[in-house]
Amino acid sequence: MFLGIDIGTSGVKAVVLDTHGAVVGQGVAALTVQRPHPLWSEQDPEDWWKATTAAVLAIDPEVRRSVRGIGLAGQMHGATLLGANDKPLRSAILWNDGRSFAECAALEETTGDFRTIGGNIVMPGFTAPKLEWVRRHEPEIFAQVATVLLPKDYVRLRMTGEKASDMSDSAGTLWLDVAGRRWSETLLAACGLTQAQMPRLVEGTDVAGTLRADIAEAWGIPQVPVAGGAGDNAGGAAGVGVVTDGKALLSLGTSGVIFVANDAFRPNPARAVHAFCHCLPDMWHQMSVHLSAASCIDWVARLTGASGAAELFQRAEAAGAANGPEIFLPYLSGERTPHNDAQVRGAFIGLDNDTDANRLAQAVLEGVAFALADGLDVLREAGTEVAELAVIGGGARSHYWGETLAAAMDVPLVYLQGGEVGPALGAARLAQIAVDGGTPAEVCVAPPVSHRIAPNAELVRRLAPKKATFKAAYSRISPLTASN
Ligand SMILES: Nc1ncnc2c1ncn2[C@@H]1O[C@H](COP(=O)(O)OP(=O)(O)O)[C@@H](O)[C@H]1O
Ligand SMILES: O=C(CO)[C@@H](O)[C@H](O)COP(=O)(O)O
């Protein structure tokens, strides 16, 4: 049996799979995000560790005793800065933190190498500009940085004592030579850093360390190997069979992501398409990334007094798709693809005297779907073909949202058993390859299909005018809402 642990933004998910990919154990523990200033988004690394321990201990002890390997996946890009004693120097700066927009412009001006070697526009979500921000605004902390780790790699350090990272997550730092799958001294030097401050690089399917004796005892798990693992999106891809060229997924977590597997490095920085390594050797991927997706559901539920996601979906369904004039721009934390705008903020437009909580709920589901449709358009305009999307993340629990998403994006959606914890599934499968061998094609097979949603032609037609208004709204809303 293999344990996959996903350090998500809203919580840690731990899943145990048998060698055939069947789920035999599961545990979760919630996390919160701190936003002490506009644009900021942080978590305390100690909270990742506590939530990881709680999620693992929620699994049946008998199942834990049978674990033969562990894989890690996690929210990408988070800057976790450690001093010489390997203790965090400050809270981690997360993937949806927009404070470093000025540093992004400065780094882009200094060198074009981030786009060529790194394959991407410098965006505030990535780790490199976060370190540049710390260098400028917290020089006393920057001077003490001995090691920079990503969230799941900090948890790995606590589990194994090893400082290691896989290629898919490391590419999201923007210090990786993405084609060569090695640290780029050029990109590190642009931020005043060296390779000595970076973890050792491994492939996601490699063994990267062994569970420490004290942790093994506390967790009731043998001292098993821990695999390289993955950034959460690549991990989700490994979990639902998105492991060959052209296969694609839609992740509905705190963020929304369209991920396409590639058999070559295909950078396309124009319009904020991301190009990173896959967690599998000799594979890469492209992504469109949307900073607020399922998180908008929790946000509007809180705002309107709904008890949670389930009640919110009931309210939306009562309003019905494309029935009201309300349009929601989901830029609560800014946006990456296609706008690369950390400062834009969200908006409701088209409210009238009949607007009520149900219609706001429906508008939120549609607004997130329109933002994802923008991302799919950008990928398609760049020549990437997407035939269907496997759905992963917490938002995969709603069939109703799927109907709106399929129609807004005009693409078929495939729901797979366990897809809502896709990155944890993938992490467990990477552990299986690391321990038992086997190819990704043999081990990372898609779980059984639970259902499919084809775009409903009538709903596509009825959503079209709202989608056109949504597309036109960004350029008008951006200057009115800029947060700094
Ligand atoms: N029944 C449900 N239907 C749809 N979405 C849901 C449901 N329950 C929870 N969610 C959404 O799942 C999201 C969390 O998804 P998850 O993939 O775990 O995120 P992350 O990896 O960012 O922690 C929450 O924001 C919540 O809105
Ligand atoms: O920044 C990105 C990808 O570039 C996000 O997708 C994060 O990796 C967070 O993922 P979730 O917590 O939403 O799953």
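**First stop: a loop**

Select Met76, which sits in the loop between β5 (69-74) and β6 (80-82); helices (H or I, at least four residues) and strands (E, at least two) are DSSP runs numbered from the N terminus. This is a predicted model, in which local features need pLDDT of at least 70 and side-chain atom pairs count only at pLDDT 80 or more, while totals for chains, interfaces and linings use all residues. Residues are numbered from 1 along each chain as its sequence is written, and chains are lettered from A and ligands numbered from 1 in the order in which they are written.

Met76 is buried, with 31 other C-beta atoms within 10 Å (buried means 20 or more, exposed 12 or fewer, partly exposed in between, with C-beta atoms placed from the backbone). Beyond its neighbours within four places in sequence, Met76 contacts residues including Trp95, Asp169 and Asp232 (contact: C-beta atoms, placed from the backbone, within 7 Å).

Next select His77, in the loop between β5 and β6. His77 is buried too, with 26 other C-beta atoms within 10 Å. Outside four places in sequence, its contacts include Trp95, Phe126 and Gly172.

**Second stop: ligand 1**

Select the 18 residues surrounding ligand 1 (C-beta atom, placed from the backbone, within 6 Å of it). The closest are Gly8, Ser10, Gly253, Thr254 and Gly394. Colour α12 (294-304) and α13 (309-319), which each supply at least two residues of this shell; α12 gives the most, with four.

**Last stop: the chain**

Zoom out: the C-alpha trace spans about 65 × 50 × 40 Å along its principal axes. The chain has 18 helices and 24 strands.

Terms used: Contact = placed C-beta atoms within 7 Å.
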